[in-house]
Amino acid sequence: MEIAFTPDQLRAYFVCGSQDVPGKDLIAVVKAAIAAGITAFQFRDKGMKSNLTVEQRLDAAQQIRELCRRAMIPFIVDDDVDLALATAADGIHVGQSDEKIQQVIQQVRGQLFVGYSCSNLAEITAADQVAGIDYYGSGPVFATNSKADASPVIGLAGLKQLVTVATRPVVAIGGITEAQLTAIRQTGAAGSAVISMIAQSDDLQRTVTAMRQV
Ligand code: TZP
Ligand code: MG
């Protein structure tokens, strides 16, 4: 962990892997997003749907890790402790169906900050009892095309309920568009985590600036 966690990093949080940018160069997409001002990056290259071999995945992660280092934004790895440690990432993001959260916290203590996906009240209240989690990712707020096995949509009201109960900052995720950024912010969420809004933006500077400004 070269960059410690702070809640403002959640404001313009870009999540991406090779499966999200078919026909495009992942490194180039991330480079452009960093230039536009994203405040955090999560490397989420999902095995089955990935276009990369294991070696290519490590190489891509290392290149993006270096880009994040130069831009002084946190580099976070989704659901892969070994890859996170191998790339000297700043953070790890863990889902409910991934390796048990307590186990991950033990493995990465002092080395990586920890994000955890929580989509309902039961998950948030259980997670609040666990020491060593830095932020929650909550959603999908809206319907998403980017995650086949996403939990049920929680809507803005559901997000607000989770934010109100949670003892840690919450980043909203799932189907978020520029038109929804203000409403997301009004729930008390610390920011938005997005794939397609950035990966498919027709004007990256406008998109990322909108995320940073709300
Ligand atoms: N977790 C819940 S929804 C989602 C993830 C990774 C996908 C978000 O992608 P998009 O394109 O911003 O809806
Ligand atoms: Mg996961």
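A residue counts as buried here if 20 or more other C-beta atoms lie within 10 Å of its own, and as exposed if 12 or fewer do. The model is predicted.

**Exercise 1. Find the buried residues of helix α2, and decide how they are arranged around its axis.**

Solution. 
- Step 1: Locate the helix. α2 covers residues 54-71, which is 18 residues. Its first and last C-alpha atoms are 26 Å apart, close to the 26 Å expected at 1.5 Å a residue.
- Step 2: List the buried residues. They are Arg57, Ala60, Ala61, Ile64, Arg65 and Cys68.
- Step 3: Look down the axis. These buried residues of α2 fall within an arc of 140°, so they line one face of the helix.
- Step 4: Recall the general rule. An α-helix has 3.6 residues a turn, so residues three or four places apart point the same way.
- Step 5: Turn to the face away from the buried side. Exposed Glu55, Glu66 and Arg70 sit there.
- Step 6: Name the packing partners. The buried residues of α2 pack against α1 (26-36), β2, β3 and α3 (81-86).
- Step 7: Check what follows. Met72 comes after α2, and its phi is positive, near 60°.

**Exercise 2. Repeat the analysis for helix α9 (residues 204-213).**

Solution. 
- Step 1: Pick out the buried residues. In α9 they are Thr207, Val208 and Met211.
- Step 2: Take their arc. It is only 90° around the axis, which puts these residues on the same side of α9.
- Step 3: Find the exposed residues on the face turned away from that side. They are Gln205, Arg206 and Gln213.
- Step 4: List what the buried residues pack against. The elements are β1 (12-16), α1, α7 (181-186), β8 (191-194) and α8 (196-199).

**Exercise 3. Describe the barrel, then examine the pairing of β2 with β3.**

Solution. 
- Step 1: Follow the strand order. Eight strands form a closed barrel, running β1-β2-β3-β4-β5-β6-β7-β8 with parallel pairing.
- Step 2: Zoom in on one pair. β2 (residues 40-43) and β3 (residues 75-78) run parallel, joined by three bridges.
- Step 3: Name a partner. Phe41 is bridged to Phe75 in β3.

**Exercise 4. Which residues touch the most other members of the largest nonpolar core?**

Solution. 
- Step 1: Size the core. It has 63 residues.
- Step 2: Name the residues with the most contacts to other members. They are Phe14, Ile38, Phe41, Ile92, Val114, Val171 and Ala172.
- Step 3: Take Val171 and set aside its neighbours within four places in sequence. Its contacts then include Leu10, Tyr13, Tyr135 and Gly137. Val171 also contacts Ala189, Ala190, Gly191, Ser192 and Ala193.

Key: Residues numbered from 1 in each chain as written. Chains lettered and ligands numbered in written order. Predicted model: local features only at pLDDT ≥ 70, side-chain atom pairs only at ≥ 80, totals over all residues. Pairing = 2+ DSSP bridges. Helix = DSSP H or I, 4+ residues; strand = E, 2+ residues; numbered from the N terminus. Expected span 1.5 Å × (residues − 1). Arc of directions from axis to C-beta. Contact = placed C-beta atoms within 7 Å. Core = buried A, V, L, I, M, F, W, Y, C linked by C-beta atoms within 7 Å.
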